[in-house]
Structure formats: C-alpha cells, structure tokens
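Please read this report alongside the sequence and the 3D structure shown here. It is written for a reader who is new to this structure.

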Amino acid sequence: MRDLSAANAEAFLEMMSAERGAADNTLDAYRRDLDDASSVLKALGTSLAQAQANDIRGLLGDLNARGFSPASQARRLSALRQFYKFLHAEGLRDDDPTGVIDSPRKSRSLPKVLSIDDVSRLLAQAETDIAMAQDKAETLQRIRFRALLELLYATGMRVSELVGLPYRVLADEGRFLIVRGKGAKERMVPMSRPARAALEIWLQEIGETAEEAGYLFPANSAEGHLSRQVFARELKEVAGRAGIPVAKVSPHVLRHAFASHLLAGGADLRAVQELLGHADISTTQIYTHVLDERLRQLVNQHHPLAKATKSRD
C-alpha cells in the first residue's frame, strides 16, 4: 500500500487495535486483505482510497477468477466494509463504495456435533483414566484433563478462553466463571455441579502452583498456561480410548455440542448467543437446524392434525 491509501489503512488498523481490542492475528488478516485489495485496485487504475462501487465489483471479480470461495470473498468484502466505514466516520470520504455491493452467496455447512452419548463416553473415559494412572504425574495430568473437559462441555468456552482462564476467575462462590472473550469483552457463564467438582479436585492438587502462576491451568510455556494444542491432543487420545473416531472430536466440536444440546433441550437462541460470547446472533444461527428439528417434533407430538394423520396410517 502506498500513497494516501497506505496512511488510511494504517490509521484504520490502529483504530481496530486501540478502540476495538482486535487481536494481532485479526490485524494481520486485515492488513493482508487491504494490501491485496490495494494491488488489485491499482491494476484496475484506481486506489484503495479512491475506489468506487464498480471498482469493488471488479475486485470481487478478480477474487472469483483466482478461485477464492464465496466465503473468502465475503470475508474480504467485510474487511473493506469496515475500512470504508472508518473512512466515512473520520470524514475522509463522504460515501461508502461497498454500501451497494451484495455479499457473495456462501453456503454454511452445519457444525460437527457430538451426541450426548458421545460426550458421556468421553467423560466416563476421563474418570477411568484417572483410576488407571500409573504414577502421580500421570494422575495429575488426567485430573487436569477431566477438569478441562467438564468445564468446556459445561460452559461452551472457546478453547483459548479455557486454557487461559486466570486463577481468580470464579464468581459467586464458584457458581460462575467470568470469561474474557474476543475484543476483551467479559461474560458470566454458569458452571454445572460436575464441572465445579472436577475443578475443585484439580485445585486441591495444584492450588498453590496455580495461584502463583495466575492461571487455573499453569504450564511451563511462554504464556504461563497450558496450550490449546496440548489439550486438543489429549482430547483426541481420550476419544480414541473411548472408542470415538478421533477425526470427529476437537475442542471446537465440544463447543458446538454444548450449544446444540442446550437448544435441543429447550434453551433460547439469544441465551445461547450470550453464553457462547457471539457478538452477532447471525453467528449463533448455524444451530437453527437443531431448533428446526425440535419444532418438527413438537408439531408431530402435539398438533391435532398430526395426530389425526398418524391414526389414519
């Protein structure tokens, strides 16, 4: 990025970091998107700062020609919308060239979900593993894993939120966790009794070390806490011992299971949005297939015409 576009882009990235608390990975992604857009627009005879709606359409056409999926094109367009919205707010442009551009249509695949039986088998295996541990170190590692697993399924946290939980995170006598999510936004998440019990056992074993490190799950790492990669590896190992295909299991799949099982049990979509820490309800709507199935069952079970149809079969 050169000329005025470069200065505008840097100002935008500074705003995203200072005002919105964007993570380094997010800022890097925005920078790459703007760099690439700037290069394409220059080839089209314009610049990032001066582009008009037709130029943006040309940019999307270029992305399509290079084989970018509709989802990737939509993400690039979203970055540009944020950029031009910033320029307009700062008085650097009096229009938004993306305002009349429709997002590329993208299909949204359903999230992988473990069944309640699968999760029960994982939890049971975690208990068995503790009993089968060969020494103190292995017992400690498996007690830690059980606490992590119980917490993840009970709260639906992102794995990065889970492993990085600070030591003083408990609220209301341990019935809630205060979780800091994306954009440094905090939310309060209730804990189940099994999760509280598993965490208490873990803290009985590691309490002083955790307090000194400042994390519930301390480790000898650059961050000072357990890495998400270590937990993900342990999760797949336990899944294998439980007879569950390891390709089917990941920390994010357990987050999906938390949301799907709540909705299937009658939870409100807005409540699940809050628990997951989604800024926009549209993100949570990937789980509407669960609601659709629940509504279908309700109609079949309770609607008089549905019952009448069954009686005639």
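## Basis of the report

This is a predicted model, in which local features need pLDDT of at least 70 and side-chain atom pairs count only at pLDDT 80 or more, whereas totals for chains, interfaces and linings use all residues. Residues are numbered from 1 along each chain as its sequence is written, and side-chain values use heavy atoms, with hydrogens and water left out.

## The cavity

A cavity is here a set of points, on a 1 Å grid over the protein atoms alone, where a 1.4 Å probe fits but cannot get out, and its lining residues have an atom within 4 Å of a point. The count comes to one cavity of 30 Å³ or more, and the largest cavity has a volume of about 40 Å³, a volume being the space filled by probe spheres set on the points, which are joined across faces, edges and corners.

The lining of the largest cavity consists of Asp33, Leu34, Asp36, Ala37, Leu59, Leu63, Arg76, Ala79 and Leu80. At least two lining residues come from each of α2 (24-43), α3 (53-65) and α4 (70-89), helices being DSSP runs of H or I with at least four residues, numbered from the N terminus. The largest share, four residues, is supplied by α2.

## Aromatic pairs

Rings of Phe, Tyr and Trp (its six-membered ring) pair if their centres lie within 6.5 Å, and planes under 30 degrees apart count as stacked, over 60 as edge-to-face and the rest as tilted. By this rule there are six aromatic pairs. In one of them, Phe12 and Phe83 have ring centres 5.7 Å apart and planes at 85°, so this pair is edge-to-face. Because Phe12 lies in helix α1 (residues 3-18) and Phe83 in helix α4, the pair ties together parts that are 71 residues apart in sequence. Phe12 is buried (under 20% relative accessible area, with a 1.4 Å probe and protein chains only), at 0% relative accessibility, and Phe83 is also buried at 0%.

The pair of Phe145 and Phe231 is tilted, with 5.7 Å from centre to centre and 35° between the planes. It links Phe145 in helix α6 (residues 136-155) with Phe231 in helix α9 (residues 228-241), 86 residues apart.

## Asp118

Asp118 is placed in helix α5 (residues 116-132) and is buried, with a relative accessible area of 6%. Leaving aside neighbours within four places in sequence, Asp118 is in contact with Ile244 and Lys248, contact meaning heavy atoms within 4.5 Å.

Definitions and conventions: Buried means under 20% relative accessible area, exposed over 50%, partly exposed in between (1.4 Å probe, protein chains only). On a 1 Å grid over the protein atoms alone, a cavity is a set of points where a 1.4 Å probe fits but cannot get out, and a pocket is an open set with protein on both sides within 12 Å along at least five of seven lines; lining residues have an atom within 4 Å of a point.
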